[in-house]
Amino acid sequence: MTENIQSTEFDPEFDATWEEDDFSTGDFERVERAALRRVAGLSTELEDITEVEYRQLRLERVVLVGVWTEGTAADSDASMAELARLAETAGSEVLEGLVQRRDKPDAATYIGSGKVSELRDVVQSTGADTVICDGELSPGQLRQLEEKLKVKVVDRTALILDIFAQHAQSKEGKAQVELAQLQYLMPRLRGWGESLSRQAGGRAGGGNGGVGLRGPGETKIETDRRRIRARISKLRREIAAIGVVRETKRGRRTANEIPSIAIAGYTNAGKSSLLNALTGAGVLVEDALFATLDPTTRRALTPEGLPYTLTDTVGFVRHLPHQLVEAFRSTLEEVGQSDLLVHVVDGSDGMPEKQVKAVREVLSEINDKTDTPMPRELLVVNKIDAVGDLGMARLRHLFPDASFVSAHSGLGIEELRVRIAELMPRPEVVVEALVPYARGEVVARVHRDGEILSEKHTESGTLLSARVRPDLASALEEFATNGTPA
């Protein structure tokens, strides 16, 4: 397996010595992503701040602002630190961060008029061109802040959507992200200038009336909303059609009764690294939030040689935008349809229990919307090579039934394979059969798709005792020595 490369940039002299076959799929994707880095120092200060929703998000020099309404100071600091990582993943340089302690966010400006004045001074002194708020702003709050700060204002939801738009690769992923963006944009549409003026409706001589302006009229914003609704409908049809293809592939695996395992967890917990470690998939691995979005399914084998599939799903985060949960429902259904859920936790995080809680909240939301019971959960604590002895003692106390691994160094991976094999659904039909030596392909199939309990070579053939699936039991019925397979 190609060794995972952790850095996000490549040395041209080193890369020139590599052959194309040495690169995995993730390596090629990392090179392409590094080539599209945003230009440092590119100003995005708005001449007309009302045009913000119609412009592509280009975050450069940013100031963060949050409202601390509940929890401890450590919780507030962790939330702001995560917002900073999100901003850096989107291509920004974080200059400053402010936190306002309030019972609830201000209805008009999110942080209150006094803090807005302080924030304006910080923006002017640092030369920032964007402010990012750690929460979802209402259309009114967004407008008020932009008018007072005179720079672009982005909330947490728009920031996450921007990261998803940058990292989506497949047709389904791009359609899901666009659907989420349009659902977010719909209530926040604003126009500017005379483009919002209605036609006069036959009233001549008025301020906006006169020749050429008579008629029923339609505002520019109404036209935009109508087009967005049409686009949303089209995207939903496309995603539903892609979902049929996904369901067909899942149906083939179900028909073959191959156990399926879904890998879920907090973003940047190491899900893709774990998939690479277990299967050698070679998917993109990067120390960034939401580095991979598109689900990847690979085949793996238990220590006994039984096949199963592993599916890497999209990562979760605290306060994941509900638009994304809705748009990615078909992808997240992979979790509910699996036989086992491998829940990956970042052991090096300061508060891993918060990660577990956030992931389970999203899974519960999916369960409520799809009415699909969640499968059995295996908690896997990753990145233990970055945790000291005291940290490991705390992790073992928090998660006594978890498996502890390091996907990067390979520590604990073999034990995890054994644990997965123990928790996977096993063939339920026990059969004893005497298979003639001339039918060696039947014995090979039992070894490949069943669980051998005992095997003995006799003068008449191979005497097998095995646990197999119903379809294989039917194929062995003519060789059964214990009557009809039980």
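**Packing of helices and strands**

Tutor: This is a predicted model. Start with helix α9 (residues 271-279) and helix α14 (residues 413-423). They pack at an angle of about 85°, and their axes are 11 Å apart. Angles of 65 to 115 degrees count as roughly perpendicular, so α9 and α14 are roughly perpendicular to each other. From α9, the contact uses L274, A277 and L278. From α14 come I413, L416, R417 and I420. By class, this contact has six nonpolar residues, one charged and no polar.

Now turn to helix α6 (residues 156-167) and helix α7 (residues 171-185). Their angle is about 155°, with the axes 10 Å apart. Over 145 degrees counts as roughly antiparallel, which is why α6 and α7 are described as roughly antiparallel to each other. Their crossing is left-handed. On the α6 side, T157, A158, L161, F164 and A165 make the contact. On the α7 side, V177, A180, Q181 and Y184 do. Seven of the contact residues are nonpolar, two are polar and none is charged.

Helix α6 also leads us to the strands. It lies across β3 and β4, running at about 85° to β4. These strands belong to an open sheet of four, in the order β2-β1-β3-β4, with parallel pairing. The edges are β2 (93-101) and β4 (152-155); each has a single partner strand, so one side of each is left without a neighbour in the sheet. From one strand to the next, the twist averages 25°.

Look inside the sheet next. Strand β1 (residues 61-68) and strand β3 (residues 130-133) run parallel, joined by four bridges. V65 has C133 in β3 as its bridge partner. Helix α4 (residues 113-126) packs on this sheet and touches β1, β2 and β3. The direction of α4 makes about 165° with that of β2.

How far can you trust the picture? The chain averages a pLDDT of 77, and 75% of the residues score at least 70. Confidence is highest in strand β10 (residues 403-404), at 94. It is lowest in helix α1 (residues 12-15), at a mean of 44. Over residues 1-18 the pLDDT is below 50, and this stretch has 24 contacts in the model beyond near neighbours in sequence. Residues 192-199 also stay under 50, with 16 contacts beyond four places in sequence.

Conventions:
Residues are numbered from 1 along each chain as its sequence is written. This is a predicted model: local features need pLDDT of at least 70, side-chain atom pairs count only at pLDDT 80 or more; totals for chains, interfaces and linings use all residues. Side-chain values use heavy atoms; hydrogens and water are left out. Axes are lines fitted to C-alpha atoms, for helices over the stretch in contact, and angles run from 0 to 180 degrees between N-to-C directions. Helices (H or I, at least four residues) and strands (E, at least two) are DSSP runs, numbered from the N terminus. Angles under 35 degrees count as roughly parallel, over 145 as roughly antiparallel, 65 to 115 as roughly perpendicular and the rest as oblique. Contact means heavy atoms within 4.5 Å. Ala, Val, Leu, Ile, Met, Phe, Trp, Tyr, Cys and Pro count as nonpolar, Asp, Glu, Lys and Arg as charged, and the others, Gly among them, as polar. A crossing is left-handed if the near helix is turned anticlockwise from the far one by less than a right angle, and right-handed if clockwise. pLDDT is the predictor's confidence in each residue, from 0 to 100. Two strands pair if DSSP finds at least two bridges between them.
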